[in-house]
Amino acid sequence: MEFGVSIPTPADAWKTAKRAEDAGYRTAWFYDTQLLSADVFVGMGAAAMKTDRIRLATGVLIPSNRIAPVAANAFASLNALAPGRIDAGIGTGYTGRRTMGLGPYKLADMGEYIRVMQAMWRGETPEIRIEGKTRKVRFLNPDAKLINIDDEMPVYVSAFGPKARRLTAEVGAHWINVDFNEDLAAQASQDMDQVYRDAGHDPAKKRKVVFLWGSVLKEGEAYDSPRIKAETGPFAVMMLHNAMEAQDHGDLVESAAPDNEIARLAPEYRKTVYEKYQPAETRYLNLHRGHLMFVRPEEERFATAELIRTATITGTVAELRDRMRRLKDAGYDEVVVQVTPGHDSMVEDWARVFEAV
């Protein structure tokens with residue numbers, strides 16, 4: 001099993017990517033969250049110039065943020081800077097769309113988006129629907145070598161539900177999942193294998209990547225120590241952000257086990273935090289500020305030890321090694337951990353976990 005880091009993309013995200021490369025990680029995955037982070041392709045472009053071995057991936061690109069030919073060109077441009085090291089992670093969007101008050105992108109539209117990019121990378125001339133018109137598009141002078149479509153750019157799809165998993169197999173993509181619970185992650189892996197078989201693919205030839213959020217505890221360290229709250233508290237309270245919008249936009253963690261601490265905290269969070277944001281129609285502008293990056297002052301008391309323990313993958317080195325082995329046994333090829341901005345020492349902390357797996 002191999003390992004990667006996910007990065008809430010600053011413009012100088014190359015520093016984290018280089019640190020991860022030096023520590024032996026396979027992939028750096030860059031968030032496409034346009035109202036919270038720097039531009040994903042700017043961050044990846046700098047990383048392409050500052051690294052030599054680590055793979056660079058969107059983790060994940062949201063199709064609504066740019067039209068397919070523009071995205072295809074951006075990937076091909078990166079591929080010219082880091083030949084054969086570029087991966088295209090794609091999803092229907094969570095943070096990058098909810099910061100604009102939007103729900104998930106339509107799966108059918110995402111499938112067509114992926115097919116257009118794949119065709120362009122093969123040098124073909126696909127059709128797209130744009131501004132109410134159907135038009136053919138292709139790279140007009142790839143032979144000038146301003147971009148690189150010669151080296152493969154594998155596609156990965158973030159797919160939690162059955163329809164998204166079927167789409168992943170239909171477009172021949174690799175698969176991204178999220179680990180909330182290793183038993184559920186193992187069952188999802190088995191299900192995905194069958195989906196690949198049903199679509200005529202050999203599951204052994206498709207990579208399975210699982211993202212997780214958590215911290216490595218020192219012996220005797222509390223789950224709500226200042227360090228742990230800074231590193232992984234942002235993900236823990238994000239679960240409450242999700243609970244506030246689940247009715248309107250769907251539940252990000254509907255496939256995860258019910259969590260009593262989230263259920264216990266959600267009503268008070270709604271009353272004392274969420275409903276205080278005015279005007280009501282733009283609450284999302286406040287709700288997602290600092291999303292996955294920092295805990296806002298009004299949220300501090302909700303980042304409890306119990307919420308962090310149950311909602312994140314946090315534990316001692318020994319505990320986490322056992323959890324990673326379970327993911328390996330479940331068939332995952334790569335485990336990806338977030339490196340929270342300002343806490344790059346997480347790279348080495350998690351490397352100690354991974355070295356024995």
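The model is predicted, so to speak, by confidence rules: local features need pLDDT of at least 70, side-chain atom pairs count only at pLDDT 80 or more, and totals for chains, interfaces and linings use all residues. Residues are numbered from 1 along each chain as its sequence is written, and side-chain values use heavy atoms, with hydrogens and water left out.

**Cis peptide bonds**

- Going from G59 to V60, the peptide bond is cis, with omega near 5°.
- V60 sits in the loop between β3 (55–58) and α3 (68–81); helices (H or I, at least four residues) and strands (E, at least two) are DSSP runs, numbered from the N terminus.
- Q278 and P279 are also joined by a cis peptide bond, and omega there is about 0°.
- Look for P279 in the loop between α9 (260–272) and α10 (283–287).

- E131 isn't a glycine, yet its phi is positive, near 55°.
- You'll find E131 in the loop between β5 (127–130) and β6 (133–136).
- With 76% relative accessibility, E131 counts as exposed (over 50% relative accessible area; buried is under 20%, partly exposed in between, with a 1.4 Å probe and protein chains only).
- K145 is another non-glycine with a positive phi, about 65°.
- The loop between β6 and β7 (155–158) holds K145, and K145 counts as exposed at 51% relative accessibility.

**Salt bridges**

- There are 30 salt bridges in the structure, each a side-chain nitrogen of Lys or Arg within 4 Å of a carboxyl oxygen of Asp or Glu.
- As background, side chains of opposite charge can pair when their charged atoms come close.
- R115 and E170 pair up through their side chains at 3.7 Å, N to O.
- Since R115 belongs to helix α5 (residues 107–121) and E170 to helix α6 (residues 162–170), this pair ties together parts that are 55 residues apart in sequence.
- R115 is partly exposed, at 34% relative accessible area, while E170 is exposed at 53% relative accessibility.
- D193 and K208 form a salt bridge at 2.5 Å, N to O.
- D193 is in helix α7 (residues 182–198) and K208 in strand β9 (residues 208–212), so the bridge links parts that are 15 residues apart in sequence.
- Both D193 and K208 are buried.
- R296 and E299 make a salt bridge too, their closest N and O atoms being 3.0 Å apart, and both residues are buried.
- Salt bridges with shared partners connect E221, R227, E231, D349 and R352 into one network.
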